[in-house]
Amino acid sequence: MAPAAALGIVRHKVSSEDWIMRGILGAIALYLLVAIVLPLYALLSKGFQDKDGNFTGLDNFTEFFTTPALSQSVANSLTISSISTVIVVSLAFVYAYALTRSCMAFKSLFKGIALIPILMPSLLPAISLIFMFGKQGFLTFMLFGNEIYGPIGIVMGEVIYIFPHVLMIILISMSMSDGRLYEASQSLGAGPVRTFFTVTLPSIRYGLVSAGFVAFTLIITDFGVPKVVGGQYNVLATDVYKQVIGRQDFEMGAVVSMVLLVPAVIAFAADRIIQRKQVAILTARAVPYAPTPSPRFDAIMTAYCALVGIVIVGILSVAMFASLVKFWPYNLSLTLANYDFSLRDGGGGDSYFNSVKMASWTAVIGTCVIFTGAYLVEKSKGFLAGRAAMQFLVMMPMAVPGLSLGLAYIFFFNHPGNPLNFLYHTLPILVICTITHFYTVSHLTAITALKQIDNEFESVSASLKVPFYKTFWRVTVPICVPAILDISMYLFVNAMTTVSAVVFLYSPDTALASVAVLNMDDAGEQASAAAMGIMIVLTAGGARLLHAVLTRGLARRTQAWRKR
Amino acid sequence: MFTKLLKRLTTVAAGGLMVLGLAASGAFAKTDLLVYTAIEADELSMFKKAFEKDYPDINIKWVRDSTGIVTSKLMAEKANPKADIVWGLAATSLMMLGNEGYFQGYAPKGLKKLGKLYYDQANNPPQWVGQRAWIASVCFNTVEAGKYNLPLPTSWADLTKPVYKGHVIMPNPNSSGTGFLDVSSWLQLMGEDKGWKYMDGLHTNIARYTHSGSKPCKLAARGEIPIGISFAYRGAKSKNAGAPIEIIAPIEGIGWDLESFAIVKNTKNLKAARALADWSVTKKAMLIYNREYAVVAMPGIAKPVKNFPPGILSKMIKNDFAWAAKNRVRILNKWRDKYDAKSEPKKK
């Protein structure tokens with residue numbers, strides 16, 4: 001419990017408030033315990049059991065590594081993840097370089113275009129690839145006789161899908177560069193190439209490595225792309241699915257998802273260590289870098305960004321066109337028939353509304369829980385052990401792939417002895433799972449915003465005998481409105497597009513749009529799958545627009561104090 | 001102590017919720033009937049509507065997936081079955097599950113009007129009752145075939161010819177009932193040794209195996225592949241929609257299976273399950289089955305279906321369901337060991 005010394009210096013009245021804070025913090029910690037720690041424990045223990053629940057030691061793992069069809073996937077996964085990571089980091093690096101180091105026009109347009117893939121379930125770019133590069137694709141000749149079904153398709157799909165995530169990380173680290181170093185380099189007579197290698201690269205090396213790890217983790221745990229265009233090329237993520245849904249072999253599913261956990265945890269830990277090193281780069285005296293116009297360089301950069309932009313917009317347009325075509329490729333007349341989901345696999349039109357409902361609940365409840373939790377971790381006094389435990393708990397979801405989380409939920413919540421069993425197969429469990437899946441990033445966003453607020457606010461209000469919840473509601477929340485909106489938008493968009501965790505948890509009554517895309521593609525209904533994918537993109541895009549409008553409106557009202 | 005408290009609290013909460021739920025639905029207590037099925041998604045809402053019109057107090061809830069998936073899902077839930085009734089699943093699968101003691105016998109009203117071949121003769125009352133037959137067929141895209149100069153295949157043997165290398169797709173029998181009836185029919189037609197040898201040859205021509213039985217024909221219809229081994233209903237449906245395909249019934253004979261139903265042993269909704277069983281053997285239901293399928297369980301009803309291959313009925317093999325059910329697991333495991341590396345990276 002909290003050190004007595006810390007309690008001793010607080011006056012009696014405040015201490016009772018402290019207990020309220022600790023109570024709430026404890027409740028949120030309990031939530032995380034139930035939503036991530038216990039399910040993970042259930043998952044891990046399942047890997048060491050046989051079908052009847054007897055402990056069998058490493059038998060399942062022996063089977064995994066001695067069955068070539070299964071263990072081959074490890075090599076496959078590592079291969080495509082490494083190749084895709086190198087490609088996507090290089091592409092995103094040049095793109096970010098263009099956005100920050102050139103004076104090209106339309107910067108915000110290019111930035112906006114680059115973020116489009118975030119609004120898609122990863123299945124959608126893969127479906128588009130088939131329309132472009134499949135046997136009937138209009139670009140198939142570009143593959144020179146190779147097939148899109150297999151590693152080529154997976155790498156292409158992953159690069160497009162991961163691009164915005166990687167770009168954002170690199171952009172942040174690039175925009176933190178110190179302009180004075182460039183001035184110094186120039187006045188010492190270094191050319192642009194030398195400056196690039198001695199100033200630019202060193203200053204963003206941590207950002208690049210971090211981007212690489214994030215990309216690798218996202219790719220190796222993604223299963224939408226390989227599911228659609230993987231052909232005969234098995235990877236770990238699709239194997240988990242194959243074992244659980246296809247063969248109902250939950251034990252082997254647990255084993256594969258534990259194998260999948262290893263690279264994810266390593267990448268996560270490495271990224272944490274690097275982030276800690278990054279802190280000291282920017283000093284208080286740093287001057288933001290301002291690029292100088294250079295017509296030739298700017299033109300090259302514009303051309304490059306336009307090329308990438310065309311690919312991304314192309315992917316979206318092809319999916320949209322395919323969803324509106326009567327019978328690809330033989331009858332290209334336009335129709336809305338593919339948007340009639342009632343006759344298709346995947347739960348019909350209900351699945352779309354279920355998704356919107358689920359995403360809205362996730363955004364509302366998730367934001368409340370996560371922001372409150374972050375506030376208490378950041379602003380409550382004493383109770384060091386509790387806060388440290390909390391800080392550990394909130395980082396866990398980041399290291400757990402969605403498929404592993406979903407499977408863990410089956411084992412934990414569907415256990416007949418679990419008093420929470422009634423949640424299984426309901427909408428609330430999908431909400432809980434999704435909030436947990438995306439908890440870490442939201443929490444870090446909230447912490448960053450809260451760190452900007454001086455702790456004096458709490459001290460002053462305490463000395464004025466204003467209860468902390470009033471300060472929280474009247475001061476903290478209004479100041480943090482932009483961050484709160486960011487968190488809810490992030491949760492909403494991800495809840496709309498996620499497939500991996502929820503694919504194991506939906507029931508006939510709670511089918512989701514993203515899962516419907518998957519099931520329609522499985523049944524060969526690619527046009528309808530594309531149509532449902534477009535519905536998701538439009539909804540997530542709409543949420544983003546609303547977010548932009550709200551941010552602007554509310555920022556004017558609540559953030560005016562920031563301007564002098 | 002704490003878990004005890006948690007348990008008590010959640011029990012109270014759950015109780016409260018249930019009371020609320022009962023109060024809300026008390027006036028119009030509709031029975032939710034959980035039906036596991038492998039019938040194609042585009043037909044389900046039609047069946048649901050037709051049945052619920054006759055039985056307005058019952059609400060069908062579908063759990064639909066490919067035959068293999070539904071079968072293994074039922075297997076996995078054996079200790080604590082969730083389904084009330086399995087409806088529209090391959091008779092082979094139902095027999096296999098029946099051998100595990102999964103079902104209870106029931107003779108639906110009007111059973112006598114069905115052909116004897118079409119329901120369980122081993123048990124009285126029968127554990128499973130057939131609804132209609134679905135029949136293997138090959139979808140052949142004439143436009144794509146023209147591009148590669150592929151001749152029209154007329155037999156299963158044709159499909160192993162080198163000219164078709166990489167141009168054939170078939171469903172994975174582990175997930176797809178259509179895939180299984182193909183494999184089972186080849187083994188019955190040619191005998192085990194020759195049957196597996198045939199599949200070795202076919203395997204070298206297969207581009208990839210798909211998860212669902214309808215996907216090969218849908219892919220052929222879209223020109224993603226020239227030849228898709230699928231079933232007649234899917235072929236006819238795609239051809240009606242304007243796909244440039246020929247639907248072929250290979251001359252050696254074609255596999256088929258019965259879409260059938262069986263009531264789960266300890267269902268809590270026995271009355272509703274029996275109502276669906278009774279409805280499923282009526283003439284009205286048979287007429288609906290016949291809209292898309294040429295062979296239904298009640299003799300003298302079926303009319304020819306547009307775009308089914310001519311002479312398809314005479315090519316249906318003499319299918320030994322009992323043999324297929326008994327050997328299903330063995331065949332599927334052997335198939336997986338031999339060919340599965342080529343399967344789509346998805347549900348088996």
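**Close-up views of a predicted model**

**View 1. The largest nonpolar core, seen in a predicted model.** Of the 275 residues that make up this core, A:V166, A:I170, B:I85 and B:V86 touch the most other members. If you are looking for the element that gives the most to the core, go to helix α7 of chain A (residues 151-175), with 14 residues. As a bit of background, nonpolar side chains in soluble globular proteins tend to be buried together.

**View 2. The surroundings of B:V86.** Here we stay with B:V86, one of the residues that touch the most other members of the core. Setting aside neighbours within four places in sequence, B:V86 is in contact with B:Y36, B:L74 and B:L94, and also with B:F261, B:A262 and B:V264.

**View 3. Where chain A meets chain B.** On chain A, 36 residues are in contact with 42 residues of chain B. Helices α10 (224-229) and α11 (236-246) of chain A each supply at least two residues of the side that touches chain B, and α11(A) gives the most, with five residues. Sorted by class, this side of chain A has 17 nonpolar, twelve polar and seven charged residues.

**View 4. Helices α15 and α18 of chain A packed together.** The axes of α15 (residues 384-399) and α18 (residues 439-451) lie 7 Å apart, at an angle of about 130°; the two helices are therefore oblique to each other. From α15(A), A:V394, A:M395, A:P397 and A:M398 meet A:Y439, A:T440 and A:H443 of α18(A). The residues of this contact comprise five nonpolar and two polar ones, with no charged residue.

How values were computed:
Residues are numbered from 1 along each chain as its sequence is written. Chains are lettered from A and ligands numbered from 1 in the order in which they are written. This is a predicted model: local features need pLDDT of at least 70, side-chain atom pairs count only at pLDDT 80 or more; totals for chains, interfaces and linings use all residues. Two residues are in contact if their C-beta atoms, placed from the backbone, lie within 7 Å. Helices (H or I, at least four residues) and strands (E, at least two) are DSSP runs, numbered from the N terminus. Ala, Val, Leu, Ile, Met, Phe, Trp, Tyr, Cys and Pro count as nonpolar, Asp, Glu, Lys and Arg as charged, and the others, Gly among them, as polar. A nonpolar core is a set of buried Ala, Val, Leu, Ile, Met, Phe, Trp, Tyr and Cys residues joined through C-beta atoms within 7 Å. A residue is buried if 20 or more other C-beta atoms lie within 10 Å of its own, exposed if 12 or fewer, and partly exposed in between; C-beta atoms are placed from the backbone. Axes are lines fitted to C-alpha atoms, for helices over the stretch in contact, and angles run from 0 to 180 degrees between N-to-C directions. Angles under 35 degrees count as roughly parallel, over 145 as roughly antiparallel, 65 to 115 as roughly perpendicular and the rest as oblique.
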